[in-house]
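Subject: Structure handover

Hello,

Please find the structure below. My notes on what was found in it follow.

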Amino acid sequence: MDSYYEGMVVRLRSRLSWVFCIVGIIAMGILSRVVHTGLAVFDKYLGDALYATMVYGILRLLSRAAASAVCAMVVMTAIELFQLTMIPAHMLASEHLMTRICARLMGVEFSFLDLLAYGVGIGCIYLVDSSQRKGEEESAV
């Protein structure tokens, strides 16, 4: 990598850098739900992709990139399939605020497009994470 760009690229090597990345992803996810463009790709699916990216980041604090990507997709698929039980939809009707918040965080309606958005988000963060490691290996040689 050119030395000019080396200082500009954020490296996700340390746990602290991953924590900052996760905080940034959460901020972007909230912003994606607050700001509406009229395009479903941005208004709905960007938030879903960022949600999956956040899960990858949390898992990345604990394990390697490939394992984090696989586990993140398994977790996101399990959450999406759990919506088919209608339990989250019933939770949304609860009188307890925390129960309703949990229902909103999980989602209440199954969608294959959500699974696609999760895969895109996890794939993108995995590619960024993997390319940084490859760049570090090349520069060490």
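**Helix H4**

The buried residues of H4 are Ala65, Ser68, Ala69, Ala72, Met76, Ile79 and Glu80, where buried means under 20% relative accessible area, exposed over 50% and partly exposed in between, with a 1.4 Å probe and protein chains only. They share one side of H4, because the arc they cover around the axis is only 100°; the arc is that of the directions from the helix axis to the C-beta atoms. An α-helix has 3.6 residues a turn, so residues three or four places apart point the same way. On the face of H4 turned away from the buried side sit the exposed residues Val70 and Val74. H4 covers residues 65–82, which is 18 residues, and its first and last C-alpha are 25 Å apart, close to the 26 Å expected at 1.5 Å a residue. The expected span is 1.5 Å times one less than the number of residues.

**Basis**

This is a predicted model, in which local features need pLDDT of at least 70 and side-chain atom pairs count only at pLDDT 80 or more, while totals for chains, interfaces and linings use all residues. Residues are numbered from 1 along each chain as its sequence is written, and side-chain values use heavy atoms, with hydrogens and water left out.

**Helix H3**

H3 runs over residues 40–60, has 21 residues and reaches 29 Å from first to last C-alpha, close to the 30 Å expected at 1.5 Å a residue. A kink of about 35° is centred on leucine 46; the bend at a residue is the angle between axes fitted to the seven residues ending there and the seven starting there. Buried residues of H3 include Asp43, Asp48, Tyr56 and Arg60.

**Whole chain**

The chain has seven helices and zero strands, taken as DSSP runs numbered from the N terminus (helices: H or I, at least four residues; strands: E, at least two). Of its 141 residues, 31% count as buried. Among contacts (heavy atoms within 4.5 Å) with a separation of 6 or more, 63% join residues 24 or more positions apart.

**Aromatic pairs**

There are three aromatic pairs. In one of them, phenylalanine 110 and phenylalanine 112 have ring centres 4.9 Å apart and planes at 85°, so the pair is edge-to-face. Rings of Phe, Tyr and Trp (its six-membered ring) pair if their centres lie within 6.5 Å; planes under 30 degrees apart count as stacked, over 60 as edge-to-face and the rest as tilted. Phenylalanine 110 is partly exposed at 22% relative accessibility, whereas phenylalanine 112 is exposed at 65%.

Regards
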